Amino acid sequence: MPVEGGIVRGGRPNRAVLIVEDSENSAATLEIAVLGIPDLSVLLASSGIEALRILGGTGPAVDAIITDLNMPRMDGFEMIRRIRQDTRLSAMPIIVVSADTDPSTPERVARLGVDAFFPKPYSPAQVRRKLEQVLNGTSC
């Protein structure tokens, strides 16, 4: 069912994760990895602008975000910066999965307050475990 330009998949969840990824293959890989988490639905956005629309809309509440950094129109850095500046969203758990090869990227995203950074190629199982940890409020 469409939600403000995004897609929602999963049953009647208690929690939702927003995957922000412009590559359909990467989004599908992440979706498959996390849909096994009980009571979790997945919302998909293909850009930072679309993600901010979903987060600011009246659709399902989002409990965590998994995002790429390199996307058209608004990159992940800017999207994360805007989320952290929004008092309503500032504590939102954010996991970054990116092919960005700049050696300063891990430090840049850490300064933005992300919960985890996974360089591509990554282990979908590790991303899922980290998502479960942030959703359950447990540490690494």
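## Secondary structure

Helices (H or I, at least four residues) and strands (E, at least two) are DSSP runs, numbered from the N terminus.

The model is a predicted one: local features need pLDDT of at least 70, side-chain atom pairs count only at pLDDT 80 or more, and totals for chains, interfaces and linings use all residues. Residues are numbered from 1 along each chain as its sequence is written, and side-chain values use heavy atoms, with hydrogens and water left out.

## Confidence

pLDDT is the predictor's confidence in each residue, from 0 to 100. Its average over the chain is 87, and 87% of the residues score at least 70. Among the elements, the lowest mean pLDDT, 34, belongs to strand β1 (residues 2–3), and the highest, 98, to strand β5 (residues 64–67).

Over residues 1–12 the pLDDT stays under 50. For this stretch the model has 30 contacts (heavy atoms within 4.5 Å) beyond four places in sequence. Where pLDDT is low, the predicted coordinates should not be read in detail.

## Burial and surface

Of the 140 residues in the chain, 44% are buried. Buried means under 20% relative accessible area, exposed means over 50%, and partly exposed lies in between (1.4 Å probe, protein chains only). The chain exposes about 7100 Å², of which carbon and sulfur atoms supply 51%. Accessible areas come from the Shrake-Rupley method with a 1.4 Å probe; for residues, only the protein chains shown count as cover.

Contacts between residues at least 6 apart in sequence include 67% that join residues at least 24 apart.

## Nonpolar cores

A nonpolar core is a set of buried Ala, Val, Leu, Ile, Met, Phe, Trp, Tyr and Cys residues joined through side-chain atoms within 4.5 Å. The largest such core has 23 residues, and Leu-18 and Ile-65 touch the most other members. At least two residues of this core come from each of β3, β4 (40–45), α2, α3 and β6. Helix α3 gives the largest share, four residues.

A second, separate core of 19 residues includes Ile-95, Val-97, Ala-116 and Leu-135.

In helix α1 (residues 24–34), the buried residues are Ser-26, Ala-27, Leu-30, Glu-31, Ala-33 and Val-34. They lie on the same side of α1, because they cover an arc of only 160 degrees around the axis; the arc is that of the directions from the helix axis to the C-beta atoms. Exposed residues Glu-24, Asn-25 and Ile-32 sit on the face turned away from the buried side of α1. An α-helix has 3.6 residues a turn, so residues three or four places apart point the same way.

Helix α3 (residues 76–85) buries Gly-76, Phe-77, Met-79, Ile-80 and Ile-83. These residues cover an arc of only 165 degrees around the axis, so they are on the same side of α3. Their cover includes β3 (15–20), α2 (48–56), β5, β6 (94–98) and α4 (105–111). At the start of α3, a side-chain oxygen of Asp-75 comes to within 3.2 Å of the backbone nitrogen of Phe-77.

## Individual residues

Thr-105 is part of helix α4 and is buried, with a relative accessible area of 1%. Its side chain makes a polar contact with that of Asp-100 (2.9 Å). A polar contact is a pair of N or O atoms within 3.5 Å; within protein, one must be able to donate a hydrogen and the other to accept it, and residues adjacent in sequence count only if both atoms are side-chain atoms. Not counting residues up to four places away in sequence, Thr-105 touches Leu-69, Phe-77, Asp-100 and Phe-117.

Val-42, in strand β4, is buried at a relative accessible area of 0%. Its C-alpha atom is 9.7 Å from that of Ile-32, ten residues apart along the chain. Arg-88, in the loop between α3 and β6, counts as exposed at 54% relative accessibility. Beyond neighbours within four places in sequence, Arg-88 is in contact with Leu-55 and Gly-56. A polar atom of the Arg-88 side chain lies 3.2 Å from the backbone oxygen of Leu-55.
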